[in-house]
Amino acid sequence: MALLKHLKVINKHKYHVTRLCFRCGLYKQGILHDLSKYSPIELATGAKYFDGTRSPNGVERMEKGYSEAWLHHKGRNKHHWEYWVDFGLEGPSAAPMPMCYLIESFLDRIGATIVYRGKDFKVDDPLIYYNRTRPYYIIEEKTDEILLDLLNYLANSDIDQTIEYIKKEYVNKTK
């Protein structure tokens, strides 16, 4: 039963992000978004740790100290900032995220917030969450700057206006 509930959440999230990507002209990102969530390792974690209020990966991390599903997921999905972190002799460093993945990352935050907050979703929720978790991020400066710009724009407008802003200011830079 938990697996079916988890699949419902995944499908709902993918639907929202795909729809938003398509509205921005990012058809490839919309189609490919989070397909690894349907892989055995990520589905197994979803079924085992599903509670309906947050990512099962976080629950797995609390129990084990790490999340196998998350390690699998972030290594296959370029819209996560963690994908762009490299580790060298001088420690971790962040590479710039290409614009198409940066926009997908922003839209992913909206989709996740819509799913987990439901009818309580507010346009400033993704910014609030980002600001709360951002001190732990290893994210390239310009990537962070653009992501903050989009989150702030959304927080001070609405989704429709933000989509238009993305198309006007950023979509031509997706290559």
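Thr113 is found in helix 6 of this predicted model. At 13% relative accessibility, Thr113 counts as buried, because the cut-off for that class is under 20%. A polar atom of the Thr113 side chain lies 2.7 Å from the backbone oxygen of Arg109. Leaving aside residues up to four places away in sequence, Thr113 touches Gly118, Phe121, Asp125 and Pro126.

Two of these partners, Asp125 and Pro126, lead on to helix 7, where both are buried along with Leu127, Tyr130 and Thr133. An α-helix has 3.6 residues a turn, so residues three or four places apart point the same way. The cover over the buried residues of helix 7 includes helix 6, which spans residues 99-117, and helix 8.

The packing of helix 7 on helix 8 can be described in more detail. Two packed helices are described by the angle between their axes and the distance between the axes. Helix 7 covers residues 125-133 and helix 8 covers residues 141-155; the angle between them is about 145°, and their axes are 8 Å apart. From helix 7, the residues in contact are Pro126, Leu127, Tyr130 and Asn131. They meet Asp144, Leu147, Leu148, Leu151, Asn152, Leu154 and Ala155 of helix 8. Sorted by class, this contact has eight nonpolar residues, two polar and one charged.

The cysteines come next. A disulfide is a covalent bond between the sulfur atoms of two cysteines. A search of the whole structure finds zero disulfides. For Cys21, the closest cysteine sulfur is that of Cys24, at 6.9 Å, which is too far for a bond. Cys21 is buried, with a relative accessible area of 0%. The sulfur of Cys100 has its closest cysteine sulfur in Cys21, and the separation of 9.6 Å is again too far for a bond. Cys100 is also buried, at a relative accessible area of 11%.

The chain as a whole has nine helices and two strands. Read from the N terminus, the order of elements is α-α-α-α-α-β-β-α-α-α-α. The C-alpha atoms fill a box of roughly 45 × 45 × 30 Å along the principal axes. A compact globule of 175 residues would have a radius of gyration near 16 Å, and the value for the chain, 16 Å, agrees with that. Of the 175 residues, 46% are buried. Among contacts with a separation of 6 or more, 59% come from residues 24 or more positions apart.

How values were computed. Residues numbered from 1 in each chain as written. Predicted model: local features only at pLDDT ≥ 70, side-chain atom pairs only at ≥ 80, totals over all residues. Heavy atoms only, no water. Axes fitted to C-alpha atoms, helices over the stretch in contact; angles between N-to-C directions. Helix = DSSP H or I, 4+ residues; strand = E, 2+ residues; numbered from the N terminus. Contact = heavy atoms within 4.5 Å. Nonpolar A, V, L, I, M, F, W, Y, C, P; charged D, E, K, R; others polar. Disulfide = S-S within 2.5 Å. Buried < 20%, exposed > 50% of the residue type's maximum accessible area, 1.4 Å probe, protein only. Polar contact = N/O pair within 3.5 Å; in protein donor to acceptor, adjacent residues only side chain to side chain. Rg over C-alpha atoms; globule rule 2.2 N^0.38 Å.
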